[in-house]
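Please walk me through this structure. Begin with one residue and its surroundings, then move on to the rest of the chain.

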Amino acid sequence: MFRKRKLISFLLISSSLLIHSRAIAQASEAFEFTRADWHLAGISEYHSDWQAAIDYYQKVIQESYILPLDIREWYRGTAYYGIARCECRIGKNSVAVRTSLSKAFSHHFWNFALIATDSELMSDCGRPWLDSLSRIWSNILDEERPFWQEQAPIIFYPDGYDSSARWPLIVAMHGGNGNYESFAEHWRGMANALKAVIVIPAGVIRESQITNTWGSDMSLIEKPIKDLVSRFTSKHWADPSHVYLAGFSQGAQASMELAVMRPDVFRGAIAMSGFVDRSISDSILRKAHDRGVRIFAVSGEDEVPSFREEIDTFHVSCTKAGIPFELNIAPGMIHEVPLDFRAQLLQAWEWLRPSSQSARQGQE
């Protein structure tokens, strides 16, 4: 009887593990399909093919059903916003546009400020209607806020991790109006590939239970990121002379600016679809050069023109100051995390790492 119970227990555990592994595999596959259709929706919008974009956003909504709740909600809310944005440009009546935007709000898309910047959407829906809807959901946001779950950083360790080995540390920052759990999915498996500890924090500004942003005030961003780094380096969980930043969009902006502003902490940055919308003084850039900071940036061939102009300008400024700056223009890429994320990241990491070693030797 004991052996029978033991066998049953073993079979139940094995079955549970098998179901869990299948669920992970299915979610991973769904994430890739969702991500691909998200890219195709963005490409269609870039080329003003509004109906194709709507169709792809609908696929995103359908394919994301198996993803974890917060990631699914983020994709669905943002996709419905994309549909509303396209519907108003394709000439659909305001009822259809309002319906899609209402669905976006119902899935926690509560970025009221972003909606207000879209003059066509505002004109189609009408300011009074949008203001009324925003007030309703603002009240719901205030009611929900006390019950929001804590957003602990997501951490990936390489296999065989041992704190005594003093591993490199990468702090990876999602984009504005982003979901940090979804961003973390891109980094799954990369700790082993890069032989580094990877930490993904949530943005300092919380727009909803599932959405965060960073803003552009570096004084608000610098302290929590530095505190996060200190937590790992002071406890010898990572090597303080091998700390890097990486980010997408607004996270890329923060990564590049913090890297040059605090070269005493950060050895370099990997920027995806980045931009820098402020002037950084020559003296700051010179200090970054003297400390061996390096920047690797990936920007799309079909990037937002203003962002592309800003990254080009920053590239020129850094190069003039002697800061090694590799700018990779990816064909067919829009404002997004690169579809070939793994390949781009491996290339960036291989390019960044020699400088950290030389910088470390120069300080010893």
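## A walk through the chain

Leaving aside neighbours within four places in sequence, Asp118 is in contact with Tyr81, Arg85 and Arg89. The model is a predicted one. Asp118 lies in the loop between helix H5 (112-116) and helix H6 (119-125). Is Asp118 buried or exposed? Asp118 is buried, because its relative accessible area is 7% and the cut-off for buried is under 20%. The side chain of Asp118 also has a polar atom 3.2 Å from the backbone nitrogen of Glu120.

Now turn to another loop. Gln149 sits between helix H7 (127-144) and strand S1 (154-156). Gln149 is exposed, because its relative accessible area is 54% and exposed means over 50%. Which residues does Gln149 touch, leaving aside its neighbours within four places in sequence? Gln149 is in contact with Arg206 and Gln209. Gln209 is 60 residues away from Gln149 in sequence. In space, the two C-alpha atoms are 7.3 Å apart.

Next comes a helix. Helix H8 spans residues 180-187. Six of its eight residues are buried, so H8 is largely enclosed by the rest of the structure. Which residues of H8 are buried? They are Tyr180, Ser182, Phe183, Ala184, His186 and Trp187. After H8 comes Gly189, with a positive phi near 90°.

Step back to the whole chain. Its secondary structure comes to 14 helices and nine strands. The radius of gyration is 22 Å, close to the 21 Å that the globule rule gives for 364 residues, so the chain is as compact as a globular protein of that length. Along the principal axes, the C-alpha atoms fill a box of roughly 75 × 65 × 40 Å.

How much of the chain is buried? Of the 364 residues, 50% count as buried. Among contacts with a separation of 6 or more, 75% come from residues 24 or more positions apart.

The chain exposes about 17300 Å². Carbon and sulfur atoms supply 54% of that area. There are 37 positive and 43 negative side chains. The centres of these two sets lie 9 Å apart.

Technical notes. Residues are numbered from 1 along each chain as its sequence is written. This is a predicted model: local features need pLDDT of at least 70, side-chain atom pairs count only at pLDDT 80 or more; totals for chains, interfaces and linings use all residues. Side-chain values use heavy atoms; hydrogens and water are left out. Helices (H or I, at least four residues) and strands (E, at least two) are DSSP runs, numbered from the N terminus. The radius of gyration is taken over C-alpha atoms; the globule rule is 2.2 Å times the number of residues to the power 0.38. Buried means under 20% relative accessible area, exposed over 50%, partly exposed in between (1.4 Å probe, protein chains only). Contact means heavy atoms within 4.5 Å. Accessible areas come from the Shrake-Rupley method with a 1.4 Å probe; for residues, only the protein chains shown count as cover. Lys and Arg count as positive and Asp and Glu as negative; His and the chain ends are not counted. The place of a charge is taken as NZ of Lys, CZ of Arg, CG of Asp or CD of Glu. A polar contact is a pair of N or O atoms within 3.5 Å; within protein, one must be able to donate a hydrogen and the other to accept it, and residues adjacent in sequence count only if both atoms are side-chain atoms.
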